[in-house]
Every structure is written in structure tokens, then in C-alpha cells.
Amino acid sequence: MNLETTRLGQSNLHITRVGIGTAPIGSTPGWRINWGPQDESEAIRAIEAALDLGVNWIDTAPFYGWGRAEQIVGKALRGKRDRAYIFTKCGTLQDEQGGWREDLSPASIRREVEASLRNLETGYIDLYQFHDPDPNTPIEESWAAMQTLIQEGKVRYGGLSNHTIELMQRAMAIAPITSNQHQYSLLNRAIEGDVLPFSQQHKIGVLCWSPLASGFLTDGFDLESLDPRDFRRRHPYAQEPAFSRLKQLRATLQSIAQDHHKKMVDLAIAWILRQPAVTGAIIGIRNPQEALEMPGGLNWKLTHHELQTIEQALALWD
């Protein structure tokens, strides 16, 4: 399948509008954001299936299962590194209590990039992103360290994730930002008023994480069938009265999708990608079937009436 590509920020990376997300496949019992049991061989087949469809980038992080997701990506790309851009992150480290802390000091960035290169079984990373802001290290120091990695050839481009406009502006005073990654979905629209227009103005690519709201916007989502340890059982969307309102919203979205012989997943992705500031949506996949559903929302232009209907349903959700 030949999928349309678009330029990521001002880089030379031309990416498909959807990319492979790896947080779910990185899940382990010891990681607090547990997605339930994961099958490594299924995960590798999922990545291979997405690549066969033409999807050309993978977003991962050492945070996802504390290295497990990166290791799976490395195995999946053995012998075919040239088939996908690898995007990974740094800055979020495991603490002694089983949680995590942020460290974007130059020395820590250096240690992390070397570990990620080993996990990913590659000599370079296409896009290296600061996962979350570090309150203890000036971003100017961190971003200067990123430029050193780029000069050394370990990293091709640098990006940010979950950073405020103020931090982006401070980083931009040191060197350009290729991309910033933020949560964005029908259920979480916080970036519409500031991050999206700022990024578009400054030609920074926007990568959206959790466009399917951790699965709450997928067609077969069933809260009761989730593994008892699955973090989504404790998610705010799963609590009342939010969950009842979400059921109503899902019914509206499914109705619109079914009118086009499509799925709610397709609608959620089409709705994200209608935003001119959005470059790509990161879709977490765990098996080949989920991979095959990735392109369903591409090239679907929602009508003005459909967008109005969605807005009315979202008003009740909000």
C-alpha cells in the first residue's frame, strides 16, 4: 500500500500520517502503566504488518516497560532498519519506589542515548525527544546536549514531548525544534488553543499521542474484559459519571462511522488529522489485526455537518 507522506517540521523526514506506537507492547507487570499481558512475537508481527502497509515510523521510549518496547522494536527491525524511521525519547527514569523521575542533565542524556542505541540495535536515532520537562535542569543545557548528539551523528533530529510553549521558546533560542509531541484526541483537546497554533506558526511538526484515548475510542473496547491489572480500569474515563457520558459519545461516533462503512477508530484518526497543525498520529498496536486498521482514517474528510454533530456530542462529554 502506498501511503501519503508529509514533511515533519523543517526536517528531511517525510512521514506517513499515522505511526506505530509502542507503549502497550512495552507493558510489563512491574510498570505502573500496565496494559495487561503482552505477547512479544505478536508485537513483532504487528510492527511488520504495519510496515508492510507502508507505515514508515515507529515511536517508542525507554519509559515503556523500562526498555522492553525499545528492545522489541530493535528485534522487529533486524535486517530492515531502512524501512522505518525510529523516534525515541529520554529524560524519564525509574526511581527507587517503582515510579519515575525526570532527568535531562547532559550526562543523563548521554547515558540514555547509548542505552537506547543498544536496545534498538541501531547506530543512529532519526528523532530523539525529551519525554517530559525536567524542573531541575535548564532546558538550554539539555537542548545544547541534544545538538552535540546531532553533530556526532547519533541523532538526526531533536524534538520535545509534553513541553510548554515557554520551554519551546527557550529551546528555540538555542537551536530549531523539529517536532513536539502532545496528547490530543476527541476526549482531550487542551492543545488546540496554544500548542497547535504556535507549532503551525513556527513550522514545528506535531505528533499526537493517545489519539484513541488509550483505547476508550476503539470499537471493541470493553472495560469489564480488561485484565484486572490494566491501568485503564483506574483511568478517569472509566469512573462515573464520566463513563456513562462516554458511552453516549461513543454511540454518536459509531453512528457517523457506520454511515461510511467505517469504524470509530477511523473517525477518531480522521478528526485528529483534519487539523492543519497536526503532522502525525501515534497509534498503539499490539497485534497484526490492530496494525491493519491503522490507515482506515486516512483520506476521510469529515463533512461540516458531521463535525457539527461531533461538537454537539463533545459538549455533553465536556
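User: Which residue in S4 is the bridge partner of glycine 21?

Analyst: This is a predicted model, in which local features need pLDDT of at least 70 and side-chain atom pairs count only at pLDDT 80 or more, while totals for chains, interfaces and linings use all residues. Residues are numbered from 1 along each chain as its sequence is written, and side-chain values use heavy atoms, with hydrogens and water left out. Strands are DSSP runs (E, at least two residues) and helices likewise (H or I, at least four), numbered from the N terminus. In S4, glycine 21 has as its bridge partner aspartate 59.

User: How many bridges join strand S3 and strand S4?

Analyst: Two strands pair if DSSP finds at least two bridges between them. S3 covers residues 18-21 and S4 covers residues 57-59. Their pairing is parallel, and the number of bridges is two.

User: What sheet runs S3-S4-S5-S8-S9-S10-S11-S12, and how far are its neighbouring strands turned against each other?

Analyst: The eight strands pair in parallel and form a closed barrel. Axes are lines fitted to C-alpha atoms, for helices over the stretch in contact, and angles run from 0 to 180 degrees between N-to-C directions.

User: Which residue in S12 stands opposite isoleucine 20?

Analyst: S3 and S12 are parallel and share four bridges. Opposite isoleucine 20 stands isoleucine 283.

User: Which residue of S12 is the bridge partner of valine 206?

Analyst: Strand S11 (residues 205-209) runs parallel to S12, and three bridges join them. The partner of valine 206 in S12 is valine 278.

User: Are H7 and H10 roughly parallel or roughly antiparallel?

Analyst: Helix H7 (residues 242-259) packs on helix H10 (residues 304-317) at about 170°, the axes being 9 Å apart. Angles under 35 degrees count as roughly parallel, over 145 as roughly antiparallel, 65 to 115 as roughly perpendicular and the rest as oblique. H7 and H10 are therefore roughly antiparallel.

User: How many disulfides does a search of the whole structure find?

Analyst: A disulfide is a pair of cysteine sulfur atoms within 2.5 Å. Cysteine 90 is buried at 1% relative accessibility, and cysteine 208 is buried at 0%. Over the whole structure, the number of disulfides found is zero.

Key:
Buried < 20%, exposed > 50% of the residue type's maximum accessible area, 1.4 Å probe, protein only.
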